[in-house]
Amino acid sequence: DLGTKQLREMLFTQTEVTGLFCFENRKEIFEGVHRSFKFLVLTYEKGGVTKEFPAAFMRHEVAELDRFPQEGAINISVDLVRRLSPDSLSVMEFKIDLDVVIAEKMFTFPLLGEEISGKWNLRLTAEFHMTNDSYLFKTDSGKGRLPLYEGKMIWQFDHKYLDPRYWVEEKAGRKALFGREKDNGVHLAYEGFRLGFRDITASTNERTMISTVIPLAVFAGNTLVVSTSPTDGSQLLVVASLLNSFVIDYVIRQKITSHCNMFYVYQLPVPRLTQKDAAFLPIVERAARLICTAPEFDDLAKEARIKSHKDGATDPAERAKLRAELDGFIAHLYGLTEDEFAHILKTFPLVPEPVKIAARNAYHDVERRLIK
């Protein structure tokens, strides 16, 4: 992550990297270590500069090292690494050359952490630390107390995946947020709708990026990274939809191991859609029907042009259809071909096949509408 950027900078500028071989512990190469853990064999020669290097990721047989890099390797240029991860120089785990082609296409869009004048920009924070701020947490609800949201409480487009286990006195919470500064009654981020995503995750899970919009008047623990801007509800719905898409999930899975911190999210390619864009309203309306399923989201529902939470989708089949349509829209938004989108879907082995088929069918439906 960001903390090891200097190590990668040193390797690229002061050594010649001769190989990057990553293997998963799927076949228990190391006994007693979880099968989803990944290990890396790095070789380099002191002195010189690295312009490109051979790499292989998610391998399962250590014996492949005998044939690496002559077989099973792809070449990754340092220039590409700098363009895809300018803040941290993270190396994306490309499996085949098509992954590089897709990355080149997607990263023509601005990075989410890039400040763009005249456009909405995302800002993220970790609110309360689950250990350091635990003195604030109460184990039962009560007057003046607000729920503390944790990462495990949400799922994609779902703010009620699990019930809260802690509550925080609002006055005490505000005081902690202000620190030494005086609480002058200004509107704080927790009083509005916010984007939230899980910090603890894995690139080998069924889905890696887990995001939704969380309700008004809730606090958040550091396992749920939350937004402070934008505050416009429709824009939050767009960001949640993009983050939950197979397309963006595919990108983030190539960057992380077990934590999805805000620095990785800032380095995702995300178009700043507005109402002037044809894809904006179709995405907003579908996301609103998925997220606005409880009375606390009525204001957000109205902003997204659906009447109330009663128009939200609670039937599993209907929700699946809406999600597939979103994936179809977003794949076209990034200019992906059918083969490229099909490849992305294949990188999610734990996702049920009917879900992936529905996404591909939705891609075709969108294509037919565009042709008309």
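Analyst: The classes are buried under 20% relative accessible area, exposed over 50% and partly exposed in between, with a 1.4 Å probe and protein chains only. Keep in mind that this is a predicted model, in which local features need pLDDT of at least 70 and side-chain atom pairs need 80 or more, while totals for chains, interfaces and linings use all residues. Residues are numbered from 1 along each chain as its sequence is written, and side-chain values use heavy atoms, leaving out hydrogens and water.

User: Where is the place of Met 58?

Analyst: Met 58 sits in strand E3. Strands (E, at least two residues) and helices (H or I, at least four) are DSSP runs numbered from the N terminus.

User: What should I check in the backbone?

Analyst: Most residues other than glycine have a negative phi, and most peptide bonds are trans. Met 58 is not a glycine, yet it has a positive phi of about 55 degrees. Phe 157, also not a glycine, has a positive phi of about 60 degrees. Phe 157 belongs to the loop between strand E7 (145-149) and strand E8 (167-169).

User: Is Phe 157 buried or exposed?

Analyst: Phe 157 has 4% relative accessibility, so it counts as buried.

User: Which residues does a cis peptide bond join, with omega about 0 degrees?

Analyst: Those are Ser 229 and Pro 230. Pro 230 is in the loop between strand E12 (224-229) and H5. The bond from Phe 68 to Pro 69 is cis as well, with omega near 5 degrees, and Pro 69 lies in the loop between E3 and E4.

User: On to the sheet. In what order do its strands come?

Analyst: The order is E2-E1-E3-E4, an open sheet of 4 strands with mixed pairing. Two strands pair if DSSP finds at least two bridges between them. Strand E2 (38-46) and strand E4 (74-77) each have a single partner strand, so they stand at the edges, with one side of each left without a neighbour in the sheet. From one strand to the next, the twist averages 25 degrees.

User: How many bridges join E1 to E2?

Analyst: There are 9, and E1 and E2 run antiparallel. Within this pair, Val 17 is opposite Tyr 44 in E2. Strand E1 (residues 15-24) is also joined to strand E3 (residues 52-59), by 3 bridges, and those two run parallel. On that side, Phe 21 has Ala 56 in E3 as its bridge partner, and Phe 23 stands opposite Arg 59 in E3. Helix H1 (residues 5-14) packs on this sheet and touches E1, E2 and E3, its direction making about 130 degrees with that of E1.

User: Why is E1 described as largely enclosed by the rest of the structure?

Analyst: 8 of its 10 residues are buried, so E1 is largely enclosed.

User: How do I read a pair of helices?

Analyst: Two packed helices are described by the angle between their axes and the distance between the axes. Axes are lines fitted to C-alpha atoms, for helices over the stretch in contact, and angles run from 0 to 180 degrees between N-to-C directions. Helix H5 (residues 233-244) and helix H8 (residues 280-291) pack at about 85 degrees, with axes 9 Å apart. H5 and H8 are therefore roughly perpendicular (65 to 115 degrees; under 35 is roughly parallel, over 145 roughly antiparallel, the rest oblique).

User: Which residues of H5 and H8 make the contact?

Analyst: Contact means heavy atoms within 4.5 Å. Among the residues involved are Leu 237 and Val 238 of H5, and Ile 283 and Ala 287 of H8. By class, the H5 contact with H8 has 9 nonpolar, 2 polar and no charged residues. Here Ala, Val, Leu, Ile, Met, Phe, Trp, Tyr, Cys and Pro count as nonpolar, Asp, Glu, Lys and Arg as charged, and the others, Gly among them, as polar.

User: At what angle do H6 and H11 pack?

Analyst: Helix H6 (residues 246-253) and helix H11 (residues 338-346) make an angle of about 60 degrees, with axes 10 Å apart. That makes H6 oblique to H11. The contact is made by Phe 246, Val 247 and Tyr 250 of H6 with Phe 341, His 343, Ile 344 and Leu 345 of H11. These residues divide into 6 nonpolar, 1 polar and no charged.
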